[in-house]
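Take a look at the structure below. Some questions and answers follow.

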Amino acid sequence: MIVPVTGVFAAVIGILLLVLSAQVVKFRLKHKKGLGVADDRDFESAVRAHANLVEYAPLGLIMLAIAELNGVPGGLIYWTGMGLVVGRILHAWGMINGRGGPHWARMSGILLTWLAILVTALLLFWNVWQVYGS
């Protein structure tokens, strides 16, 4: 049982997590603040970009891995995973560059992430129906 497609996406998201973590640490050191965000909009944006990745990426990756293990075609896993990864990258970039406010990349990232999770959920339902339905 291997999940090579999901594994690549997990690696990319892991690297993104480290990049966002470094951003948060930079602000924590600058403000000498171990908890909270001081009164700095950029600091708060970095913390929320990091937290949002941690909130959405695990579920998306778990769903992709289950779909891949259950035999959903690799091409569907690939394109759905690309949506998840690109969505998370766009969201983080837009959150940081938009300083927490509205930003096209942030909004696009949210939509892509939600779409990837929805499509993966539908693929999982479809897969179960194919195996156990009728």
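Buried means under 20% relative accessible area, exposed over 50%, and partly exposed in between, using a 1.4 Å probe and protein chains only. This is a predicted model, in which local features need pLDDT of at least 70, side-chain atom pairs count only at pLDDT 80 or more, and totals for chains, interfaces and linings use all residues. Residues are numbered from 1 along each chain as its sequence is written, and side-chain values use heavy atoms, with hydrogens and water left out.

Q: Is Arg99 buried, partly exposed or exposed?
A: Arg99 sits in the loop between α3 and α4. Its relative accessibility is 40%. The cut-offs are 20% and 50%, so Arg99 counts as partly exposed.

Q: Which residue does Arg99 meet in a salt bridge?
A: A salt bridge is a side-chain nitrogen of Lys or Arg within 4 Å of a carboxyl oxygen of Asp or Glu. For Arg99, the N to O distance is 2.6 Å. The partner is Asp42.

Q: How many residues apart in sequence are the parts that Arg99 and Asp42 tie together?
A: Asp42 belongs to helix α2, while Arg99 is in the loop between α3 and α4. Helices are DSSP runs (H or I, at least four residues), numbered from the N terminus. The pair therefore ties together parts whose separation in sequence is 57 residues.

Q: Is Asp42 buried, partly exposed or exposed?
A: Asp42 has a relative accessibility of 30%. That value makes Asp42 partly exposed.

Q: Which residue forms a salt bridge with Glu55?
A: The structure holds 2 salt bridges. In the one with Glu55, the closest N and O atoms are 3.2 Å apart.

Q: What is the phi of Arg99?
A: Most residues other than glycine have a negative phi. Arg99 is not a glycine, yet its phi is positive. The value is about 55°.

Q: Where does Lys32 lie?
A: Lys32 has a phi near 50°, a positive value in a residue other than glycine. At 76% relative accessibility, Lys32 counts as exposed. Its place is the loop between α1 and α2.

Q: Are α1 and α2 roughly parallel or antiparallel?
A: Axes are lines fitted to C-alpha atoms, for helices over the stretch in contact, and angles run from 0 to 180 degrees between N-to-C directions. The axes of α1 and α2 come within 9 Å and cross at roughly 165°. Angles under 35 degrees count as roughly parallel, over 145 as roughly antiparallel, 65 to 115 as roughly perpendicular and the rest as oblique. The two helices α1 and α2 are therefore roughly antiparallel.

Q: How many nonpolar residues does the contact of α1 with α2 have?
A: Ala, Val, Leu, Ile, Met, Phe, Trp, Tyr, Cys and Pro count as nonpolar, Asp, Glu, Lys and Arg as charged, and the others, Gly among them, as polar. In the contact of α1 with α2, 5 residues are polar and 3 are charged. The nonpolar residues number 20.

Q: Which residues does Leu20 contact beyond its neighbours within four places in sequence?
A: Leu20 is found in helix α1, residues 4-31. It is buried, with a relative accessible area of 3%. Contact means heavy atoms within 4.5 Å. On that rule, Leu20 is in contact with Ala49, His50, Leu53, Ala92 and Ile96.

Q: Which residues does Ser45 touch, not counting residues up to four places away in sequence?
A: Ser45 has its place in helix α2. Its relative accessible area is 4%, so Ser45 is buried. Ser45 touches Met95, Ile96, Arg99 and Gly100.

Q: At what angle do the axes of α3 and α4 cross?
A: Helix α3 spans residues 74-97 and helix α4 residues 104-132. Their axes come within 7 Å. The crossing angle is roughly 155°, which makes α3 roughly antiparallel to α4.

Q: How far apart are the axes of α2 and α4?
A: Helix α2 covers residues 41-69. It packs against α4 at an angle of about 30°. That makes α2 roughly parallel to α4. Their axes are 10 Å apart.
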